[in-house]
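Please read this briefing alongside the model shown below.

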Amino acid sequence: MKRLFRFLITKEGQISVACYLLTGVFSFLSFAPVNLPFFVWFAPIGLFFIEERYRGRWKELFYHGLGFALVFYTISFHWIYHMTTVFGGFDWYLSIPIFIVSSFILNLKFPMFLLVFSYINSKLGKQFAWVASFSIVFAEFFTPQVFPWYFGNVVAENLILAQNAEYTSAYGLSALLFFVSYGIYSIGNPNEFLTHFVSSVHKLKFLRETLNKALPYIMVLVLFFANGLHLYWKWNSVLPKAERDVLIVQPNAPLEFRDGRNPAEEIRKLMTRIDDLTFDALKSSTVDLIVLPESGVPFFTTNESDATRYSRIYWHQFESLMAMISLRHGANLFYNELDASFESGIASRENLRHYNSSVVMNPNGERRMSYQKVFLLIFGEYMPFEWMYALSGQTGRFAAGTNQQLLPYYQSRQREFERKTPDLRWRDTDYLTPTNVRDYYAPHKIKEEVVGSFLPLICYEVIISEYVRKFQGDPDFIVNVTNDKWYGNTVESYQHHTLGRMRSIEFRKWMVRSTNSGTSVFTDHLGRNIDGDFTSLDSATVLRKKVQVIPGEMTFYRLYGNLLSYIFMIGSILAFIYYVRKSR
């Protein structure tokens, strides 16, 4: 530590910290919720400067990479600390080391980039911008990720450039960024430019030579912009084959009750709030689909089984309310619950497994297909090591789901309908079972008819592009339910959405993002947030839009995934080997 401190107070250390801050601050300014994408083109310059200054000094490059990782993480992903204290339940003296270690492990892309970039530059003896592109794509591909973010996601804040993700995903946009940024770095030193310009006898010739140097970078950027415009115009002119009226209910459910509140009282307030929000929003007309977020009603399930009764998570009033809402409004209802089963069908505590599950209930109030979350959240839904559970009583022991099927939804009742019976409300569930509720609304029962399907994603699954493309079939739209309340009133919810909205472009499907406490939003197949309507953080509200069903088409990314990135990396490696052998 003393050695580190001595380094930081030297001029060399201060220059290094300035480089870390340049990359960290400019990346943050370009990213949600600030959204100033102009700055992203200068963010990698700090990395280029450090690599050139320490070229070939591998140990120092590695340590500088960790410096970039910590500063970037602290500026842009500071909410991770909030997650470990609130979601994981760790005390601050444990949360700080976890934050620092995770900033290193989950951002190894920084040291990896510096090492790969420096190694290739040392071998080539020349600097090529494509080497910077290769190095960042390689680093982003082959370093561990829990919250997968890429520099390309920051570039995608530019709507036109974002359209290229249909072919390249975020990796291709990362490659573009580092190619152009290295061009700015290599020819854009203001002092050097002015010195040469002033001392040059033939100033026009000097400017012409500078322009020639910049031309390849300008051409590549123009090429990406041109393709982005082409894709934007192409998909903007596509007519939807149908529209689905969707209501997001954002209930702002409590996380836990360690502050002394009465759990039973708070849950009843929550159920009343969900009932009121839905009833008031749909007084005059119904919708095709109502979406409740992850943990919209925490701790309970509507699935009555041996396992759920054994673990005491089945609550008949929860099922009554869900059936009541779907029947009262004649709409499909998609909601999140805690589910359970016995592994191998053997009823015992050792074989009991809990799942983060989301369920479709048809307009007749009948429970249909469910989806269990596959990618679980570390320090919240599971611990990497068994001994760590003793450190946090808050962390769950969830099992991962295994099914990646689209979920069907059904024909809803007509938009305007005469209410033949008085509406039931939450207070009526005190004496009405789920069966009683269904019997009460029996006159409203309609024929069950599947009219489409959607792709369900829970929480941060939406930011894992390689996972999402494994779903088979052609969904009408994507539904992402999440509970960002664990991260408090931070930028996390905006960043989460920004990382996830790329799936709309890759799939060319609309996305319904339903959150517990904000920010809920509808995003179209061009990555545009409809009407710019984001629900406020830490609020209970609703949001209603018409979701367009874009005609099914297997996009390049859905068919081939990251094929272009693999071709680019393999081609770069072959070019490097050829150049090195030729120069010997």
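Which residues of α6 are buried? They are S95, I98, F99, S102 and S103, where buried means under 20% relative accessible area, exposed over 50%, and partly exposed in between, with a 1.4 Å probe and protein chains only. This is a predicted model, in which local features need pLDDT of at least 70 and side-chain atom pairs count only at pLDDT 80 or more, while totals for chains, interfaces and linings use all residues. Residues are numbered from 1 along each chain as its sequence is written, and side-chain values use heavy atoms, with hydrogens and water left out.

**Helix α6**

- Helices (H or I, at least four residues) and strands (E, at least two) are DSSP runs, numbered from the N terminus.
- Helix α6 comprises 14 residues, 92-105. From first to last C-alpha, α6 reaches 20 Å, close to the 20 Å expected at 1.5 Å a residue; the expected span is 1.5 Å times one less than the number of residues.
- S95, I98, F99, S102 and S103 are the buried residues of α6. They lie on the same side of α6 because they cover an arc of only 130° around the axis, the arc being that of the directions from the helix axis to the C-beta atoms.
- An α-helix has 3.6 residues a turn, so residues three or four places apart point the same way.
- The cover over the buried residues of α6 includes α4 and α5 (79-86), with contact taken as heavy atoms within 4.5 Å.

**Second largest pocket**

- The second largest pocket holds about 690 Å³ of space. On a 1 Å grid over the protein atoms alone, a pocket is an open set of points with protein on both sides within 12 Å along at least five of seven lines, a cavity is a set where a 1.4 Å probe fits but cannot get out, and lining residues have an atom within 4 Å of a point.
- Grid points are joined across faces, edges and corners, and a volume is the space filled by probe spheres set on the points.
- Of the 17 residues lining the second largest pocket, L4, F7, Y20, Y63 and H64 are the closest to its centre.
- Helices α1 (2-8), α2 (11-30) and α4 (58-76) each supply at least two lining residues, and α4 gives the largest share, eight residues.
- This lining divides into twelve nonpolar, two polar and three charged residues. Ala, Val, Leu, Ile, Met, Phe, Trp, Tyr, Cys and Pro count as nonpolar, Asp, Glu, Lys and Arg as charged, and the others, Gly among them, as polar.

**Cavities**

- There are five cavities of 30 Å³ or more, and the largest cavity has about 80 Å³ of space.
- Residues lining the largest cavity include F77, W79, F147, C459 and Y460.
- Helix α19 (residues 492-500) provides the largest share of this lining, four residues.
- By class, the lining of the largest cavity has eight nonpolar, two polar and one charged residue.

**Backbone features**

- The A32 to P33 peptide bond is cis, with omega near 5°; P33 lies in the loop between α2 and α3 (45-53).
- A cis peptide bond also joins G518 to T519, with omega near 0°, and T519 is in the loop between β9 (511-515) and β10 (521-523).
- F299, in the loop between β2 (289-291) and α15 (306-310), has a positive phi near 80°. At 37% relative accessibility, F299 is partly exposed.
- C459 has a positive phi of about 60° although it is not a glycine. C459 is located in the loop between β7 (450-458) and α18 (465-468) and is buried, with a relative accessible area of 5%.
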